[in-house]
Amino acid sequence: AFQLLGIFILTSLLLHLIPGDPIQVMLGESSSLADQNKLRSQLGLDQPFYIQLWRSFVQIINGDFGYSIINQTPVIDRLLEAIKNTYTLAITALSIAIFFGISAGISAAMYRDTFIDKIIINVSLVFISAPHFFLGPLLIILFSIWLGWLPVSGMGSPSSIILPALTLALGLLAIIIKMTRNCMIELLDSDVVRTAKAKGLDKWPIIIHHVFRLVLIPIVTIIGLQFGSLLSGAVITETLFSWDGLGRLLVESIQTRDYPITQACVLIIAISYIGINLLTEVIYGLVDP
């Protein structure tokens, strides 16, 4: 609760320190001072900062995110749609990263120091080093412009989610590959595996039932920490691919100085971070009772 309160206060303070006036955005810079003052009074923007902050805080506590300053529509309406789109994108990216990351990590560990291992490691290093704002346009050039397989941007078809999901997934996928491989190699040389082999167990039952179960613990930690980065990375990715999620809504609200929407977006992202950390703790108990 104190974390959310601190984030809320800091976000509100930074928004009011950013140059720009939402009233001029709405009415235009050529509007008269009287019209500007009238609208500012109607929206409550003529009140001191601490009064605006307290009013917003009380509204949010009561489940009311208020109204957009720019078009006077309920913030919650735009927020719910954006949350659905962002979580659809994030979960798709997470699923891609987990499936291919763990598979490639196990393969690299099983064939360590071979050509397959070197290829997987080198490719993963490239993905770790590539930021979203570089990887996204690269994928657009390759799959949309050169090959023509996928749409450049928008949400017009089911395939529209592939490029933004890949942009978010590839960095996390590389981290999971590296973590899985290193943990697998360490455990394959451990007493647990030697004891299982001495009992006559086959190779793959040892890997699945003994090694992989222990590998899951650090992997769950990495996934829990990195899922938050998927949400923060979505700010760039959603803007780049015109994906109508929290990230794009946040950027647009900052550009137009729409304070209620910006505060709501940041608050939802903060709650997501905290919720994912709590969920990770619960999964720990399930993976390793």
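Visitor: How many disulfides does the count come to?
Guide: The count comes to 0 disulfides, where a disulfide is a pair of cysteine sulfur atoms within 2.5 Å. This is a predicted model, so local features need pLDDT of at least 70 and side-chain atom pairs count only at pLDDT 80 or more, while totals for chains, interfaces and linings use all residues. Residues are numbered from 1 along each chain as its sequence is written, and side-chain values use heavy atoms, leaving out hydrogens and water.

Visitor: Is Cys183 buried or exposed?
Guide: Cys183 counts as buried because its relative accessibility is 14%. Buried means under 20% relative accessible area, exposed is over 50%, and partly exposed is in between (1.4 Å probe, protein chains only).

Visitor: And why does Cys265 count as buried?
Guide: Because Cys265 has 0% relative accessibility.

Visitor: OK, new topic. Where is the kink in helix α8?
Guide: Helix α8 covers residues 162-188, and its kink of about 35° is centred on Ala169. Helices (H or I, at least four residues) and strands (E, at least two) are DSSP runs, numbered from the N terminus. The bend at a residue is the angle between axes fitted to the seven residues ending there and the seven starting there.

Visitor: Which residues have the most contacts inside the largest nonpolar core?
Guide: Met184, Val211 and Val215, in a core of 38 residues. A nonpolar core is a set of buried Ala, Val, Leu, Ile, Met, Phe, Trp, Tyr and Cys residues joined through side-chain atoms within 4.5 Å. The largest share of this core, 12 residues, comes from α8.

Visitor: What does Val211 touch?
Guide: Not counting residues up to four places away in sequence, Val211 touches Met184, Leu187, Leu188, Val193 and Ile206. Contact means heavy atoms within 4.5 Å.

Visitor: Now Ala97: where does that lie?
Guide: Ala97 lies in helix α5, residues 75-110. Leaving aside neighbours within four places in sequence, Ala97 is in contact with Ile102, Ala169, Leu172, Leu173 and Ile176. Ala97 and Ala174 are 77 residues apart in sequence, with their C-alpha atoms 8.0 Å apart in space.

Visitor: Last one: where does α7 bend?
Guide: At Ile140, by about 25°. Ile140 is one of the buried residues in α7, and Leu135 and Phe143 are also among them. After α7 comes Gly148, with a positive phi near 70°.
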